[in-house]
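Here's a quick walk through one model, with the sequence and coordinates below. Have them open as you read.

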Amino acid sequence: MIISFPKVTVVTKIVFATIYLYTTLNDLNMNTHYQVVVVGGGTGGIMTAAQLKRKDRNMTIAIIEPNTEHYYQPAWTLVGAGTFNFEDTKRDEKKLIPHGVDWIKDRVTTFDPEKNIVHTKNSGDLHYDYLVLSTGIKMDIDGLPGLGEALNTDIVCSNYIDPEKTYRVLQNFKGGNAIFTQPAGAIRCGGAPQKIMYLGEEYFQKSGVRNKTNLVFATPGTVIFGTKEFADELNRIIEKKHINFKPFYKPVKINAAKQEITFQYIKPDIKRSYADLDSTLGERLDGENLVTVHYDMLHIAPPQTAPDVISQSPFATPDGPNKGYMQVDIHTLQHLKYVNVFGLGDNAGLPTAKTGAAIRKQAPVVVGNIMQMMKQQPFGEHQYQGYSSCPIVTGYGKMLLCEFKYDNVRDSDKLLTKFVNTAKEQWSMWILKKYGLPWLYWNMMMKGRM
Ligand SMILES: Cc1cc2nc3c(=O)[nH]c(=O)nc-3n(C[C@H](O)[C@H](O)[C@H](O)COP(=O)(O)OP(=O)(O)OC[C@H]3O[C@@H](n4cnc5c(N)ncnc54)[C@H](O)[C@@H]3O)c2cc1C
């Protein structure tokens, strides 16, 4: 049969048009609906997506993350003390996105959980079957009046913001009042403010200024650490190093021009009087229970809150100590109202320390429970017990590995503690911190292998 030329053209056009329409629709579908949408491509988001992909490589997953770089922040403590290269804490986000997962390089603006939709700034709406939120925490610089201005000076620093500057401040310090603070409320890695203080103390010994330095660690907390076994060792170290430990000291304002920080003394039913003032530091009473002190260097852990995208969303805890953070079941990590939504990492309102180590135990719970829901089976063994860990570096070459769970109950690794007493400062734990944990983070945890 001879087909005439014009007919071939029409048939070809129809075939091409059909293929085009099919692929376009398919693309549209692929790009707007995913089985799992993960918001935040940091520690929690990457670990969760990588583990989900390992469970089911056909699962459609998107990670929404605006940043092109991710940092291994636990090493910032060491950067601040000049013993780790800042550039080595950084990786391209592109290289962390698990194979087969779509990276939506954008920022989520709002959520519509009734319709299973997230709205993004530039990429339109994404539809999901399951939603995982790991958007981290917000450094609330305005939460401490005067902090923004103080951070612009050469003697105020923060490992939470610019650890390289911390090291410059330590190097330039010539003696006087060296003050390290902790804010009220939950923060990322609650042990980090004291780690840099121990390192700073040892640095000042090396630089020859320790004997003309008053070294202060001021915290609104009541104790140096919540778990007794670790607190005992830390109190011993504080005494040995002649550190001026000030509990019940909540930072309330900074006067950068005068180099002064003011604390509110918050011990219940106790009023600070002139007789209680610390004359070595030159403390001054500035109103009821307000103590002002001059600083020659200041390390600040800024106040921290849930990111706005969470605190202003339907997922936020309405009140209490976790106000603004995601309201999830503390064992299943499932949102209390929206059952196909899970939260982990710093943005989750959990009564335990916000660390990457905690996320290592949370991610398998989120993954396990999503898999159960996909199979329409009830939740089983995947329960989070509040595990978190704070590697408290107590000097160059020394560290305690403080592992605990809900209610501050010690939860040290059973195998490790057969060989090492992790509740005492150890050189082996320092080696773990400096070399072992970064390697495990990039090569195992962020690849979904542990
Ligand atoms: C100085 C310091 C020392 C620390 N030491 C330790 C330690 O020794 N051990 C330890 O285990 N942990 C430590 N941590 C804590 C640890 O780094 C964090 O707990 C962990 O990285 C938090 O992971 P995350 O996924 O919750 O948040 P992140 O890793 O911060 O990821 C959140 C991501 O969400 C993205 N995001 C935010 N908003 C949106 C939005 N609207 N749309 C899309 N994406 C968004 C952000 O860009 C970010 O990439 C330390 C932290 C610091 C700062």
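## Two helices

At what angle do helix 2 and helix 10 pack, and how far apart are their axes? The angle is about 40° and the axes are 9 Å apart. That makes helix 2 oblique to helix 10 (under 35 degrees would be roughly parallel, over 145 roughly antiparallel, 65 to 115 roughly perpendicular, and the rest is oblique). Axes here are lines fitted to C-alpha atoms, for helices over the stretch in contact, with angles from 0 to 180 degrees between N-to-C directions. Helices are DSSP runs of H or I with at least four residues, strands are E runs of at least two, and both are numbered from the N terminus.

## Ground rules

This is a predicted model: local features need pLDDT of at least 70, side-chain atom pairs count only at pLDDT 80 or more, and totals for chains, interfaces and linings use all residues. Residues are numbered from 1 along each chain as its sequence is written.

## Around the ligand

Helix 2 (43-55) and helix 10 (356-374) turn up again here: along with helix 3 (76-80), each supplies at least two residues of the shell around the ligand. Of the 36 residues around the ligand (C-beta, placed from the backbone, within 6 Å), Gly40, Gly42, Gly44, Gly136 and Gly345 come nearest.

Domain 1 (29-137 + 306-381) and domain 2 (141-304) both give residues to this shell, so the ligand lies between them. The domain bounds come from an automatic or database assignment.
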